[in-house]
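Subject: Structure handover

Dear colleague,

Here is the structure for your files. Please keep it open while you read the notes under it.

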Amino acid sequence: MTTRTLSPASYDRLTATVARDTGERRTAALWIHAAALVRHAYDHGLAPADDRPPGPDGLLKSLENLANCHPALAPLADPAVLPLREQPLGAAAWAAVEEFWDRHPALEDERRVDGYALGDAYQLLSEEARKGRALCQTPPWVARLLLRLSLEPAMEEWGPADIRMIDPACGTGHIAVAAFHMVRVPPVHGRRPSPVEYGPRAVERALAAVSGVDLDAYAAALTAYRLLACSAHVLGVGLDRVPASWPVNVAAADSLLDRTEPLLAAGAYHACVANPPYITPKDPAIRDQVRAAYPQVAAGKYSLALPFTALMLDRLATPGGFVAQLTANSFMKREFGRRYVTEFLPRFDARWIIDTSGAYIPGHGTPTCILVHRARPPVGETVTVIRGNGGEPHVPEDPARGLVWRAIEDAVDSRLAWDRFQAGADFARLSGEPTP
Ligand SMILES: C[S@@+](CC[C@H](N)C(=O)[O-])C[C@H]1O[C@@H](n2cnc3c(N)ncnc32)[C@H](O)[C@@H]1O
């Protein structure tokens, strides 16, 4: 059976059923999702065998076991992250949860432990995360394009060994997981990496390279779990055998306002990649704090996406670092974007502007675009722009293969191939090699 057999409404119905016991939907969603996460770990052989009791108590025990596997998993036993004991579940609700996950492949098959389905399931379950914090998964094929335009050239420029990237709105980790794999197995452009690059050191290097921060503590814990699950799977060991000394750089924090979180240190990243929230802050106090912290972009009824751009370009990126984002294009049309367009963005080296408004990106009802900049003053006179001619004629069965998205990828491929050809020709000319 596949995920397609379960409609979004079925997640809603289950949450409503469980909420009769927990008293509210937020904790109901956490109970349901934690049950999937534990199944994922045990069914993939990532968690050590235990003698947990059946039922909700067994779930709490399993979460403790997972939390003990690695320091980065400690939030799974933290009642501030998962307040499950305070709002316990009865037998009927638990049976409904078990029956739901029996039918649902949140566990993926034995070859896939990346946890994409787990992330998507959290979005479907948690209305609070969707509406309150604008959680909306970035599909893996979008994440890969963003990384090709940012992390990949950053690795070419600074080398994969010491590369550092961050997603400061990492959600459940779709971008972070894709970045982990890109650093672990760097793309090959005309050179053969030595075999040692794929061993345990590559896993350690990839974990060290990738950082993620999110306001949602459970989403952040899920990102940490997914990065560790990928690491353990590649190493062929359980989560408890991934060395505790290996860093998992994921934190729960307000990326826009927190100035103490070490992962948000200024100038630390060669690539910043995000699908930031597009909403306007609902809490007036937060709205004013963000406005005060980002006066250059947070004007009028600003979208949070604008301060996120400023955070990445002005603070997190190292000089020359790459910043790629899938973001709402509302700033192009609305008054709040005027200073952003005329004063803020022109300070930076724009590399790509891609109109993705015609592409079908599930969950992203808002028209979007991709912006890629380098954190330095403009260089040269060329910005690569991919303009949209229209939308999808109908909702594609596989959104990654939609006509518009494929056309965007083809245009990116052609441009990158041309750039490589040009760079090769320039190199040959400068080194005195004869050109054809
Ligand atoms: C569009 S989602 C990103 C999804 C993510 N790329 C993924 O695929 O899981 C936006 C995320 O921004 C987070 N967020 C909103 N405001 C934030 C803030 N001030 N600091 C950090 N994260 C924030 C939300 O919790 C949400 O997870």
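Predicted model: local features only at pLDDT ≥ 70, side-chain atom pairs only at ≥ 80, totals over all residues.

Residues are numbered from 1 along each chain as its sequence is written, and side-chain values use heavy atoms, with hydrogens and water left out.

Ligand site

There are 23 residues around the ligand, and T138, T172, D214, D254 and S255 come nearest; a residue counts as near if one of its heavy atoms lies within 4 Å of the molecule. By class, this shell holds 11 nonpolar, 8 polar and 4 charged residues. Here Ala, Val, Leu, Ile, Met, Phe, Trp, Tyr, Cys and Pro count as nonpolar, Asp, Glu, Lys and Arg as charged, and the others, Gly among them, as polar. Because domain 1 (1-136) and domain 2 (137-436) both give residues to the shell, the ligand lies between them; the domain bounds come from an automatic or database domain assignment.

A backbone N or O atom of S255 lies 2.9 Å from a nitrogen atom of the ligand, and one of L215 lies 3.2 Å from a ligand nitrogen atom. For G173, a backbone N or O atom is 3.5 Å from an oxygen atom of the ligand. Taken alone, the ligand exposes 600 Å², of which the protein buries 98% (Shrake-Rupley method, 1.4 Å probe).

Strand β5

Helices (H or I, at least four residues) and strands (E, at least two) are DSSP runs, numbered from the N terminus. Strand β5 (residues 317-328) has 11 of its 12 residues buried, meaning under 20% relative accessible area with a 1.4 Å probe and protein chains only. β5 pairs with strand β4 (residues 269-274) in the parallel sense over 5 bridges, and A271 stands opposite F322 of β5. With strand β7 (residues 368-374), β5 pairs in the antiparallel sense over 7 bridges; there V372 is the bridge partner of A324. Two strands pair if DSSP finds at least two bridges between them.

Two side chains

H44 is in the loop between α2 (25-43) and α3 (55-69). H44 is buried, at a relative accessible area of 17%, and a polar atom of its side chain lies 3.0 Å from the backbone oxygen of H40.

N249 belongs to strand β3 (residues 249-252) and counts as buried at 13% relative accessibility. A polar atom of the N249 side chain lies 3.4 Å from the backbone oxygen of V210.

Regards

Note on methods:
Polar contact = N/O pair within 3.5 Å; in protein donor to acceptor, adjacent residues only side chain to side chain. Buried < 20%, exposed > 50% of the residue type's maximum accessible area, 1.4 Å probe, protein only.
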